[in-house]
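Student: I'm new to this one, so please take me through it piece by piece.
Tutor: Happy to. Have a look first, then ask away.

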There are 2 protein chains.
Amino acid sequence: MSDYDSVSADVEHEEEIPENHPRYQDLLTRHRIERGVEKGITHLQGMHAEGRGSAFDYLLGEETIPSADDAERAAAAHLLLADRPVLSINGNVAALVPGEMAALADAVDADLEVNLFNRTPERIRAIADHLREHGADEVKGLEADAHIPNLDHERSKVDADGIYEADVVLVPLEDGDRAEALDEMGKIEIVIDLNPLSRSPQVADVPIVDNIIRAVPSITEHARKLAAADEDELRAVIEGFDRDRALEEAEERIRSGDL
Amino acid sequence: MSDYDSVSADVEHEEEIPENHPRYQDLLTRHRIERGVEKGITHLQGMHAEGRGSAFDYLLGEETIPSADDAERAAAAHLLLADRPVLSINGNVAALVPGEMAALADAVDADLEVNLFNRTPERIRAIADHLREHGADEVKGLEADAHIPNLDHERSKVDADGIYEADVVLVPLEDGDRAEALDEMGKIEIVIDLNPLSRSPQVADVPIVDNIIRAVPSITEHARKLAAADEDELRAVIEGFDRDRALEEAEERIRSGDL
């Protein structure tokens, strides 16, 4: 792609990216992923996946559409109602929103668990350290003493007292196979993905079609507003959310938005 | 993105990617770019740019649409008619289609010139070596003894007897600023880019909205078929191509294709 490339690659710190740049969010996202690769947090393929996402975000207009905001509110309600909510962290999530995920975990009293597609002990440790540097207290995923059924060995590893036992899981930017396997375990699954037709949002109870750098702070904000709500109110928020309509609206926006 | 990630990252050689995989072209492209980054040919941001392109290719249906094939034929005619045709090579082009660009240079008697957005002597040498390993004879771009007007210093460097003097240039995956500056120099410009609304195809005489791994072999094939054509026939091919309609058809396909 072309225009997209017209800011220098030599930005050292994200503060150097001008906030009034028309492609600010895209440049910030790319910068954070690039630093993630350099720090050993993000797999090189994560850079490609993020680029792919950025094209869908461009077609969405790089903003949180109303149906995505509804999904973020429903996600907050699910996390607040959960007995054992877990937020899953992969290399792109850690690079893009480490502090934001720690803040969400705090707001809804959830655990953070590192869960990688390309799993190595070094990357897991680097990600756990990175999350702690950004305010996370406890980070799960290092035990890997349980398995998600119906996935091959390395990709199925989870913590027994984390994702394995969770009733509600937030799995942003998740691989389709793992999203399906988690769905088959009967968990309430919240997915963040910019392509409404990919498998992960299709199997999710709450598909959030939004950029993760907008989505996670938005879920946290909704959770704070809903903190005083009782169970009936939270259930009403959840029942008011229509997942099929949200997916349709995202697709419609991609097709009809300004290119 | 999700589904997209469900083939292992541990493919060592591209022959290991099953040709009947539904995402074969996308996986092949990603694999080549990844190897390019590892070899020092491709900038890390090239991985992101390629991911972005892959989303547009997905929306196009991952095939050469008829208007793109028309553009590829017109590109072949322009290159055959040119006095000094030059094919510009950046880090992504070198990683994705090194042998294919060498074959095209041979078919239309053009020069290859390395031309980088993030220019370092090491990357230029690595790319020139990589092209030679893939069959290129001569590779320009190491002299850098001329400048494209209206671009900042590093990004404007070209060879005096290469892009600077060229009458027809093929600039695949080109940055918008440089595409505009080349256009202002009065060159006939052929651009390959998967986003029909980005600046580079918008300023091109021949915008090719297609994946480079399909587009370059297609231009070569057209050039071979047109090799015996006389000047009038080549001019007729060029005049029969409608750039505005080609851009519109690509946009229409992105909007209406199966997601």
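Student: How are α1(B) and α2(B) oriented to each other, roughly parallel or roughly antiparallel?
Tutor: Before we start, this is a predicted model in which local features need pLDDT of at least 70, side-chain atom pairs count only at pLDDT 80 or more, and totals for chains, interfaces and linings use all residues; side-chain values use heavy atoms, leaving out hydrogens and water. Residues are numbered from 1 along each chain as its sequence is written, while chains are lettered from A and ligands numbered from 1 in the order in which they are written. α1(B) and helix α2 (residues 44–60) of chain B pack at about 170 degrees with axes 9 Å apart (axes are lines fitted to C-alpha atoms, for helices over the stretch in contact, and angles run from 0 to 180 degrees between N-to-C directions). Angles under 35 degrees count as roughly parallel, over 145 as roughly antiparallel, 65 to 115 as roughly perpendicular and the rest as oblique, so α1(B) and α2(B) are roughly antiparallel.

Student: Which residues does B:E12 contact, beyond its neighbours within four places in sequence?
Tutor: B:E12 lies in the segment before α1 (24–38) of chain B. Its C-alpha atom is 8.8 Å from that of B:H31, 19 residues apart along the chain. Past those close neighbours, the contacts of B:E12 are B:H31 and B:R35.

Student: Back to helix pairs, but in chain A: how do α3(A) and α10(A) lie to each other?
Tutor: Helix α3 (residues 66–81) and helix α10 (residues 212–225) of chain A pack at about 55 degrees, their axes 8 Å apart. Among the residues that meet are A:L79 and A:L80 in α3(A) and A:I219 in α10(A). By class, this contact has 7 nonpolar, 2 polar and 3 charged residues. Given that angle, α3(A) and α10(A) are therefore oblique.

Student: How many helices and strands does chain A have?
Tutor: Helices (H or I, at least four residues) and strands (E, at least two) are DSSP runs, numbered from the N terminus. On that basis, the secondary structure of chain A comes to 12 helices and 8 strands.

Student: How many bridges join β6 and β7 of chain A?
Tutor: One pairing to look at is A:V171, which stands opposite A:V191 in β7(A). β6 (residues 168–172) and β7 (residues 188–192) of chain A run parallel, and the number of bridges joining them is 5.

Student: In chain B, which residue of β2(B) is the bridge partner of B:I89?
Tutor: Strand β1 (residues 85–89) and strand β2 (residues 111–114) of chain B run parallel, joined by 4 bridges. Within β2(B), the partner of B:I89 is B:V114.

Methods. Contact = heavy atoms within 4.5 Å. Nonpolar A, V, L, I, M, F, W, Y, C, P; charged D, E, K, R; others polar. Pairing = 2+ DSSP bridges.
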